[in-house]
Amino acid sequence: MISFEDVTVSYPDTTRPAISNVSFEIGEGELALVIGPTGAGKSTLLKCVNGLVPHFTGGRLAGRVMVADRDTRTSPPRELADVVGYVGQDPLAGFVTDTVEDELAYGMESLGVAPGVMRRRVEETLDLLGIPDLRARHLLTLSAGEQQRVAIGSVLTVHPKILVLDEPTSALDPPAADDVLAALTRLVHDLGMTVMLSEHRLERVVQHADRVVLVHATGVTVGAPADVLIDSPVTPPVVDLGRLAGWSPLPLSIRDARRAATALREELLPLAVPARGSSAGPDTVAQVRALVVAYDGVPALRGVDLAVHRGEIVAVMGRNGAGKSTLLASLAGLRKPMSGTVSATERVGLVPQEPGDLLWAQRVAEECRDSDRDAKVVAGTTRALLADLAPDVFDEQHPRDLSEGQRLSLVLAVILAAGPGLLALDEPTRGLDYPTKQRLIAILKRLARDGHGVLIATHDVELVAEIADRLVVLAEGEIVNEGPAREVAVSSPIFAPQVAKVLSPLPFLTVRDVETALVTRP
Amino acid sequence: MMTSTRLPRMLHPGAWWLWATALAVAASRTTNPLLLAAIVAITGYVVAARRPATPWSASYSMFLKIGLLAIAIRVALFALLGGEPGTHILMRLPIVPLPSWMAGVRLGGPISLEGVLAAAYDGMRLGVIFCCIGAANALTSPRRLLKSLPGALYEAGVAVTVALAFAPQAVAAVGRLRSARRLRGRHDRGLRRIRGLAIPVLEGALERSVDLAAAMDARGFGRRGTTPAATRRATATLTLGGLLAMVASSYGLIDRGAPGIIGVPLLVAGAAMTAAGFALGARRGGRTRYRPDPWRLAEWMVVATGLAAAVAVLVGPAGALSPSTLPLVAPSLPLGATLGLVVALTPAWIAPPLPRAKPIVMRPDSPVPAREHVGVAS
């Protein structure tokens, strides 16, 4: 169905090609997962499938990409629209119309589908994705998960043979991501559609994949998921655990891993869970009491009490719209409380959901200089912090050209320059690959050891398992669960990380916990 | 047939626009305050009866305020600059001496009732035209009008649709960037602040439009049609030429001093050219339309009532249409024009009722017990 024949894509003014020597074939009805570190060229590879590379993006494509017996060199994206449905990273950026129904029909209108057929397919697609109630809604009023499903529906209505999705679940909370993935597996199983998608959080998708395409600098490795993941640089925790325990075949799902883990659980049973070295002190850095915040009369927070201590890392979880971002914004002084108090003994630094919003200079060096001036600190402070956080960022680079991880480091440096006592981060691991996430975890742990309080709003249960001392769960603007991260995470089926699910009822949260325990074994 | 026109649905946006345009044309040909007030009442009543619950439906009151402002400005300008003589002097402003080269202009001086009324009538005419535009805006959303554009104007319609989507997103981006600046502890003022906000917002808009272009390309926008280039060119020439001719003719229709050829004959010629262009454009294959707004009996009737009102006013006696202010005469209400305007009120009933959100009805055999019972039981 899709075949890449020795494909190399290079853009002008770059030293190395975006992808090089890529050869593989994807058969009909397969679900192929494209993985690789950030910047490896996953998006470029996906854009080759419908001809956006090179027809839209420019650059040079050597080799040949065949899609449903059509050559993408001679067929531009619009001529491939009837066989390939492409959903980009940000569904909102790809919407052409303003209501759900019109959006679903747009592609069919362009292809000249007969009106009666259009009407029927819109109804079928609404049912297939479980969104018939949304038909008349304005696209801007939908939640992120609903938007993503509408974006998928809008390309499904033309009945393509192939569906290409670039990180379809990266912005979604776990239940919404499950909805989207369930819809995708249904398309593969019931309709025989060929699906190709890229994803950072492998733990969600890898068990659904028939084939994994690992993109690296010199080409690709293609094969069955278990074979490719055994020595991949990016792996979900369940695979890490399997590699640690030496299980073969490598389990990809919790179910398979639990079956393989019987012996490991017995071995771990007498061992103590390694104590998490928490640096939490007695002093409070920031505190909210009975905090109520409302937007246009609609309450987002209804009487929240929370204190963050020096050296403590607190995670806030909860579904989209539960009030996490509002809590962080109130602490940073961006939202006026309707009632209740916000008190901070020291400055609060907030890294917002779109860290790029904080950057507006044309070069990294300028950004650092501006930051020193804004924070009224000695010249060079921000640059020194940045060199410490991300040694691979250079003065002459444009902030927009940095990778997600580098840009986050730059924003962290800018925020830290002002010397905040509390560092608040809103969804910091969105779009980060596993190695970058590990670097962020190390940085945050060090900041906590140095006496900063850290507050993280996140959907990422694995991040919480690795880092949080305390976990707070918000629902409908109220705290519904609060306690030591280990206890809250193990007791909840939704917030439990993969390792905890595999080893339940043992309270191990991360592969590192298991590794440490095994080393201390008598 | 009659039943299908009465089912709740939205009237075709083109019908509302034609109806409102006809009333605007009627307003443009009279300065009779009674007739103009009748037109305002008609548009107001129909809007109240048939406006959908959309963000645009509030626009009528905004246009009404603009209309009142037009009257106020017109009267204030007259009072300052003077103009028509009259015998009923209301008050005298001190005359400001002006240099000799501005001999024709007078600043200050006596203000006559005759002059104030003439200015008010004239301002009212403009204000009522604003009201008619506001009514059309409130009764249909601009997006739905764009959706029903003829195929020949499809590309232009898409461009406007995309531009309309830009505004709310830019507003959201400005909000986000302003809080981002506060997070960095920056408090710029004036030009620096505008520059700091404008550049990222425009950069974001540019990025978004590139993304959108990619998405539209990937979804088949601009697929090669089967139309030969000559036909495409003919379509563009006819449509554009016809529309320009119609714009020019509207000048002739409003200004009675213009040469007669610019009025009705040019309008007819322009309409014919545009229709030919649209017909050619519609033959262009490759695109279809999802659930287009139907044009049924109700649409014809609404347009007909608007036209009837316009014709009734246009053929009315010249004396009644432009009541004299020198000498001062109380305006009269010409019977024919009034009856014609009353016809234009009927769309408040002729137009099909608006669709409402489905009410949640609990069927008597529903297995779910009513809420009160649960409360009592527990």
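This is a predicted model: local features need pLDDT of at least 70, side-chain atom pairs count only at pLDDT 80 or more; totals for chains, interfaces and linings use all residues.
User: Where does Arg106(B) lie, and what distance separates its C-alpha atom from that of Thr231(B)?

Analyst: Arg106(B) belongs to the loop between β1 (89–96) and β2 (107–112) of chain B. Thr231(B) is 125 residues apart from Arg106(B) along the chain, and the separation of their C-alpha atoms is 58 Å.

User: How are α11(B) and α13(B) oriented to each other?

Analyst: The axes of helix α11 (residues 297–314) and helix α13 (residues 335–343) of chain B come within 7 Å and cross at roughly 165°. Angles over 145 degrees count as roughly antiparallel. The two helices, α11(B) and α13(B), are therefore roughly antiparallel.

User: Which class of residue has nine members in the contact of α11(B) with α13(B)?

Analyst: Residues making this contact include Ala308(B) and Val311(B) of α11(B), and Leu339(B) and Gly340(B) of α13(B). By class, three residues are polar, none is charged and nine are nonpolar.

User: Which helix supplies the largest share of the side of chain B that touches chain A?

Analyst: The contact takes 35 residues from chain B and 42 from chain A. On the chain B side, α7 (154–183) and α8 (190–218) each supply at least two residues. The largest share, 11 residues, comes from α8(B).

How values were computed. Residues are numbered from 1 along each chain as its sequence is written. Chains are lettered from A and ligands numbered from 1 in the order in which they are written. Axes are lines fitted to C-alpha atoms, for helices over the stretch in contact, and angles run from 0 to 180 degrees between N-to-C directions. Helices (H or I, at least four residues) and strands (E, at least two) are DSSP runs, numbered from the N terminus. Angles under 35 degrees count as roughly parallel, over 145 as roughly antiparallel, 65 to 115 as roughly perpendicular and the rest as oblique. Two residues are in contact if their C-beta atoms, placed from the backbone, lie within 7 Å. Ala, Val, Leu, Ile, Met, Phe, Trp, Tyr, Cys and Pro count as nonpolar, Asp, Glu, Lys and Arg as charged, and the others, Gly among them, as polar.
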